[in-house]
Each structure stands twice: as structure tokens, then as C-alpha cells.
Amino acid sequence: MYHEIHLDQIDIHSEPPTVEPEKQYYYMAKCREWVKDFEQKNGRLPKSCVVNFGCQMNARDSEKLAGILRQIGYEEEKDEKKSDFVIFNTCTVRENANQRLYGRLGQLGRAKKQNPDMKIALCGCMMQESEAVEKLKKSYSFVGLVFGTHNLYKFAELLFLSLDSERMVIDIWKDTDKIVEKIPSQRKYSFKSGVNIMFGCNNFCSYCIVPYVRGRERSRKPQDILREIEGLAAEGVVEVMLLGQNVNSYGKTLERPMSFAGLLREIEKIDGIQRIRFMTSHPKDLSKELIQVMGQSKKICRHLHLPIQSGSSRILEKMNRRYTKEQYLKLVEDIRRAVPDISLTTDLIVGFPGETEADFLETLDVVRKVRYDAAFTFQYSKRTGTPAAAMEEQVSLEVVKERFERLLKEVQAISTEVCKVHTGSIQEVLVESVNEQDASLLTGRMSNNLLVHFPGSPSLVGTLVSVRLKECRGFYYMGEPLKNGRTCEKGRLVQ
Ligand code: SAH
Ligand code: SF4
Ligand code: F3S
């Protein structure tokens, strides 16, 4: 770990420190005492399970929760029903995310009846909504701990408070301008890692709940980010994914502002890091400087996720996206000129209030013009408290479903065609795992984010390998590795 924590050296009988993260280390040490007692009583360590419901940002937060639990001494358990402590890290971006949560929580409540000592905690975006917390208090009183997105760093302290408490411990903050560094985390992969570069969002797209539940935009200091990535590289991480709701506006809130492109230039210099990814890019803030850096970089992956949401400039205005269809298409042109083989992906919403058939056809038109490598398509979901929820002319579910099907068909037909174009080429692949279905195969990810399965030894997991793409099967490839001694750069073979 890039910063060692020595819990054994902490005096847990003194008053807690007043500064962070030391105060949290103190509570981790206190929880560890509790774990030791548990072990003595039960003859085993307590088991914990972290379940993630949200986006990559939530996934990174979940790694922090898991890291804290590991420091405390919990044993990781995959099955939530067999765990002594379960935490659900929630998402509320669309209604179905909420429904899924209540479904899983109901099931877990039944499991808790068999094991009354099980402690259940909830955190994340949904907990920032007061209606959700009220509902929990009323109908899910078996939940023991509830906290939100702004005070996740306080998890050890809150856990300690709740361990011997019978009542529901609730701590939700409205917002924060604080960033607490050096919270431990347990990475899912040893060779790649997400890295938060900023938190929150100031864009207030009119349909979106994220700015309300994640708070105002704030960037981490470049030196904190760089130190973390250097530490990751020292531990063998070769790929980093820089995370933020709008990475293109990175650095604007810093005392000494720095652009996202400037940050990328610094990360590029870190030895050991071979691949850099980032998400998400808002088109309105994508600068010429960034396009230039992407064109020159040897490490930035040839993939850009650039959500458009709608192809209709009229709807984009109502969405408060602050770009037009034409500006977006021009941006795509500029990016493709600088990085010709870039893979482009996007997010699309159908059925935003007031969307007409003509507006929808504009979206289809963009899809046909850009020819995305992949697109995530969503049915508009009304989020209470957002401006769009109060708009008249909500589109009927029937129309939304019909447009959604048409869009999905178009998107899939195009991406299967686009995916095929790499057949026969040689690509550098980061081997991510042994194939789940066939253990003689490895699964790797190309720079453009496509997956390829090929024969190879499990010892190659976490390394970069040159692979010839033999056959495209829809959205992935089957391939063969090249012989030793050959590497490839940007798809071209070099000896
Ligand atoms: N910050 C990222 C997106 C985060 S949410 C960005 O701006 O690109 C991920 C995606 O969920 C969004 O891009 C959008 O397509 C979708 N989404 C957000 N709110 C939604 C809603 N109310 N209904 C349907 N889809 C929504
Ligand atoms: Fe939501 Fe828009 Fe912020 Fe993305 S940029 S998180 S869509 S408000
Ligand atoms: Fe969901 Fe929160 Fe991410 S609402 S999409 S988990 S920022």
C-alpha cells in the first residue's frame, strides 16, 4: 500500500485525534479490538460483504469500504447471506436502481431472521435522498447503519458507533467541501485501478440526480493524485482509470488551477503506468488541448466515452447539456482527426419530456453519423427534485419503450459492424483474467476497450501481450498471442 497504517501503534484508550484521517485510523484500531473479542467468543473472524450497486465511482468507494474492513480484521465473504456485516453501496440514478436495492434488502432482511446478529448497513447516493431514509426507518428497521456519500471516509467511526448499538445509526451530510486523503482501499484487480481525480458535479443536467446526491464539484490536488498513482505503479498497477463525473473540468476549483490535459501530461511521465483511461467526459468541456494530448500520448487508451444523451439540439437545451448536435459532431470530427483509430462510445436517453418523433429521429441520425463502437441506452427515468421531473409533456411509457427498442436495434447493428473492422490486426492486450467458461483461454482488454479471448498461461494475467485478432464474434474477438520478443505499438508490429 502506498501509505502504511500501523493500527497496533495507536493508543485506543486515549481521546480520539481531531484531524483526519488519523481519527479514522484510531476508530479502525478500536473496531479491531471488537473483532478480537468476536474471534475469542466465536472461534472465527467476523465475515463482511460489500455490495456495489452504482457506477465506477461507487465501485471505487466500495473498494475503500472493503479496505477499511480488511484493516479492521474482517474476513471477506462473497455471499451476503453468510456474512456478519453487509454493506450495500447504493445508486439512485434511475428508478430501477432503487427498486433493485429494495428487492435485495428485503431478501437480506429474511436472511437476518436466521442470523439475528447480522449487521446491515446502507450508504451511497440513494441515502442522500431523505424520502429513501424515511422509508428505511419505517419499513426496514432491521438496518443498523446508514450514511451518505459525503462522509464515507468516516466509515470506521460510524461502524464503531453502530457495532454494539441496537438502534439504527444514521449520519447523512447535505454537502461537503472536504476531501480526506489516505483512506485505505482494497483493489479488485492487482494490475489496474480506478483513481478519483474529482468528486461531485456542477452541471445540473435537468434529468440528473447526481449533483444533488454527490454535491458540488471538487478536484483532488494534482500532487495527491500523482503520489497515489506512483504508489499504485510501485505495487504493480499498469493501468489507471481516472474517475470523475466530468473529468474535462478537472482542476477548475483548485487554488492553483490545472487543466485535465495538464494532469494527463504529468501522469504520462509516471514509470510503470502503461495505460491511462478516464471517464466521464462532458462534451461541453472537452478542450483542444485534451485532443492534442490524446493525439500525442503513448499511454492514453484509444477509447473515449463521450455521452451525447440526445441528438436533438432542442432537447439538449432542455436537458441543460450546453452543446448542440452540430457542435458535438464537430467535436467527434476533431477527435477522429487527431486519433484516427479511436473507439467512441456514448450514453443515450430516450423519452426525455417533450421528445417528439422528430427529436428521436435526430438521435438516430447522430448514431448513424458517428457510428459508435458501443452505446449505453437508457429510458428516461423521472427523478424527484430534478427540473425535468416537473416538466410537462412527460412521454408515455409505451412511446418510450417503442423508441428504445428501435434505438437499441440501430446501435447494436452498427456496433457489430464497427467491432469487426479490427479482424486480422495485432493489438496490445492487458490480460485481465482466465476465461470463466474455458480455463485454457485468457481474457484481455485492448486499448480500445474491446475484449479478446486467446489461449495462454494464467501467469500472464496482469501483463500486456500482443495478440492477433482472428475472429470477431459480435462484441468481442477470439485471438492468438504472438511469439515472444515481439511487442506492438498502437496496433503496428515492432520488433
Ligand atoms: N457524469 C456522467 C454521467 C453519469 S450518469 C456524464 O455526464 O456523462 C450515467 C448516465 O446515466 C448518463 O450519462 C445518462 O445517460 C444516464 N442518466 C442519468 N440520469 C438519468 C435519468 N434520469 N434517466 C435516464 N437516464 C439517466
Ligand atoms: Fe449528471 Fe450531467 Fe453531472 Fe453527468 S454531467 S453527473 S449527467 S448532471
Ligand atoms: Fe449512481 Fe451515484 Fe454513480 S447515483 S450512477 S452511483 S454517482
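A374 is found in strand β14, where strands are DSSP runs of E with at least two residues, helices are runs of H or I with at least four, and both are numbered from the N terminus. At 31% relative accessibility, A374 counts as partly exposed; that label covers the range between buried (under 20% relative accessible area) and exposed (over 50%), worked out with a 1.4 Å probe on protein chains only. For a sense of scale, A374 and P16 sit 358 residues apart in sequence, and their C-alpha atoms are 50 Å apart in space.

Before going further, a word on ground rules: this is a predicted model, in which local features need pLDDT of at least 70 and side-chain atom pairs count only at pLDDT 80 or more, while totals for chains, interfaces and linings use all residues. Residues are numbered from 1 along each chain as its sequence is written, chains are lettered from A and ligands numbered from 1 in the order in which they are written, and side-chain values use heavy atoms, with hydrogens and water left out.

Strand β14 is a handy way into the site of ligand 1. Both β13 (343-350) and β14 (374-379) supply at least two residues each to the shell around ligand 1. There are 15 residues around this ligand, and R94, Q245, Q309, D347 and S381 come nearest; a residue counts as near when one of its heavy atoms lies within 4 Å. Sorted by class, the shell has six nonpolar, five polar and four charged residues. Here Ala, Val, Leu, Ile, Met, Phe, Trp, Tyr, Cys and Pro count as nonpolar, Asp, Glu, Lys and Arg as charged, and the others, Gly among them, as polar.

Now zoom in on the individual contacts. Q245 places a polar side-chain atom 2.8 Å from a nitrogen atom of ligand 1. For Q309, an N or O atom of the side chain is 2.6 Å from an oxygen atom of ligand 1. D347 also has a polar side-chain atom 2.6 Å from an oxygen atom of the ligand. Taken alone, ligand 1 exposes 540 Å², and the protein buries 89% of that; these areas come from the Shrake-Rupley method with a 1.4 Å probe.

To qualify, NZ of Lys or CZ of Arg has to be within 6 Å of the ring centre and within 35 degrees of the ring normal. K135 does this too, lying over the face of Y102 at 4.0 Å from the ring centre.

Q245 turns up again at the other ligands. Around ligand 2 you'll find C201, N203, F204, C205, Y207, C208, V210, P211, Q245, H282 and R321, which divide into seven nonpolar, three polar and one charged. The residues around ligand 3 are G54, C55, N58, C91, T92, V93, C125, R214 and Q245. By class, that shell has four nonpolar, four polar and one charged.

Next, the rings. A search of the whole structure finds 17 aromatic pairs. Rings of Phe, Tyr and Trp (its six-membered ring) pair if their centres lie within 6.5 Å; planes under 30 degrees apart are stacked, over 60 edge-to-face, and the rest tilted. Y27 and F160 make a tilted pair, 5.8 Å centre to centre with 45° between the planes. Y27 lies in helix α1 (residues 22-42) and F160 in helix α5 (residues 155-163), so this pair ties together parts that are 133 residues apart in sequence. Y27 is buried at 13% relative accessible area, while F160 is partly exposed at 29%.

F85 and F155 form a tilted pair as well, 6.0 Å centre to centre and 35° between the planes. This one links F85 in strand β3 (residues 85-90) with F155 in helix α5, 70 residues apart. F85 is buried at 1% relative accessibility, and F155 is buried at 0%. Both belong to one aromatic cluster, together with W34, F38, Y74 and F147.

Two last stops lie further along the chain. V421 is in the loop between α13 (397-420) and β15 (426-434) and is exposed, at 61% relative accessible area. T443, in strand β16 (residues 441-446), is buried at 9% relative accessibility. Its side chain joins that of N435 through a polar contact of 3.5 Å, meaning a pair of N or O atoms within 3.5 Å; within protein, one must be able to donate a hydrogen and the other to accept it, and residues adjacent in sequence count only if both atoms are side-chain atoms.
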